[in-house]
Amino acid sequence: MPAKDLVSWNVMITGYAKLGQMDSARELFDEVPKRDVVTWNTMIAGYVLSGSHKQALEMFDEMRCAGFISDEVTMLSLLSACAELGDLDIGQRIYSSFSNINMMDLSIVIKNALIDMYAKCGSIDRAREVFNNMREKDISTWNTIMGGLALHGHAEESIYLFTVMRRLKFQPNEISFVAVLVACSHAGQVEEGRKYFNLMKNEYKIKPNMRHYGCMVDMLGRAGLLNDAFEFLETMEIEANAVIWRTLLGSCRVHGNVDLARRANEELLKLRNDQSGDYVLLSNVYASIGEWDGVEKVRKLMDDSGVRKEPGCSFVEADEKELMHFLFDSKPMLITKHGGL
């Protein structure tokens, strides 16, 4: 059998990494007689895509210790890892370690990843700075900054950038509308949100997906328009998922509407009945208006279903994180001819 060349090794490692089988990829990596930067980049990208962000950073340390010079592909994977970890210090150190790459020479993809990393790590001013200094932008640039601004309390600015983007003749895509709808939700601009939802459907001919529906339900729920939210759910062309029903249940808790909370909970339990937070939210609705019989019934239902509440968990904060992760979660673009997946 002929000996494998480096390209063959890299192809096999890439195959395992794409399948998320990183243990097998690592075994092959350790067997490679002579590696190149593509070999390292493939492993780092594989760890990022499989959610093993700390392992990706550890692999980068190994790469540097082995004397390899990283490139833009390496940086893209590492910035994505730091963004998901929310670790600004490591992200800054990673960026600073690429002294061989001039900021002005970075590709749009890398600058977009920088904006994303800064925004997800809470440094929205640095994200703005990168955005403002970019001579060339693409639709992902606008989507990333708009989403980051919306999540960090700058909803009005996010909405304004959406109008600027359209004025500059950028064609918004489905992610653009997720960003602007989240901004409208956080700003309490219900009518503006309805306008953008209809604009997406009617002018840009973009079919709403679960994320767009989730934005609208969240927006109506935050504004206390719970009946409107339920009516909107009935018009959806696809069946609402658990995240949307849980978001609505949380809004019912905030606004103290027991009847609608019960309806939302019934729909949620049809989809899944093993999450303690779903029961606790309904129990809290009853408790907020002093309906202790209702609280006891929910607790009994939990016991009968074998569900136990996890200690030390804030369900209000958890619901918000779950929704935002659902709305903005997307795999980083780690595909290039210089390595990656």
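Reply: The account below begins with the chain, turns to the rings, and ends with some individual residues.

The model is predicted, and for that reason local features are reported where pLDDT is at least 70 and side-chain atom pairs where pLDDT is 80 or more, while totals for chains, interfaces and linings use all residues. Residues are numbered from 1 along each chain as its sequence is written, and side-chain values rest on heavy atoms, with hydrogens and water left out.

The chain contains 19 helices and zero strands; these are DSSP runs numbered from the N terminus, a helix being H or I over at least four residues and a strand being E over at least two. Of its 341 residues, 48% are buried. Here buried means under 20% relative accessible area, exposed means over 50%, and partly exposed lies in between (1.4 Å probe, protein chains only). The accessible surface comes to about 17,200 Å², and carbon and sulfur atoms account for 49% of that surface; such areas come from the Shrake-Rupley method with a 1.4 Å probe, and for residues only the protein chains shown count as cover. A contact requires heavy atoms within 4.5 Å. Among contacts between residues at least 6 apart in sequence, 65% join residues at least 24 apart.

Turning to the rings, the count comes to 11 aromatic pairs. One of these is the edge-to-face pair of Phe-162 and Tyr-196, with 5.1 Å from centre to centre and 75° between the planes. This pair links distant parts of the chain, since Phe-162 belongs to helix α10 and Tyr-196 to helix α12, 34 residues apart. The rule is that rings of Phe, Tyr and Trp (its six-membered ring) pair if their centres lie within 6.5 Å; planes under 30 degrees apart are stacked, those over 60 are edge-to-face, and the rest are tilted. Phe-162 and Tyr-196 are both buried. Together with Phe-177 and Tyr-204, they form one aromatic cluster.

Rings may also have a charge over the face. This is counted if NZ of Lys or CZ of Arg is within 6 Å of the ring centre and within 35 degrees of the ring normal. Arg-35 lies over the face of Phe-29, at 4.0 Å from the ring centre, and Lys-137 lies over that of Phe-131, at 4.7 Å.

Leaving aside neighbours within four places in sequence, Thr-39 touches Phe-29, Leu-6, Asn-10 and Ile-13. Thr-39 counts as buried because its relative accessible area is 1%.

Ala-183, in helix α11, is likewise classed as buried because its relative accessibility is 0%. With neighbours within four places set aside, the contacts of Ala-183 are Ala-150, Ala-155, Ser-158 and Ile-159.

Finally, there is the backbone of two lysines. Most residues other than glycine have a negative phi. Lys-169, however, has a positive phi near 70°; this residue sits in the loop between α10 (155–167) and α11 (174–187). Lys-169 is classed as exposed because its relative accessible area is 74%. Lys-205 also has a positive phi, near 55°, and its place is the loop between α12 (190–202) and α13 (210–222). With a relative accessible area of 65%, Lys-205 is exposed.
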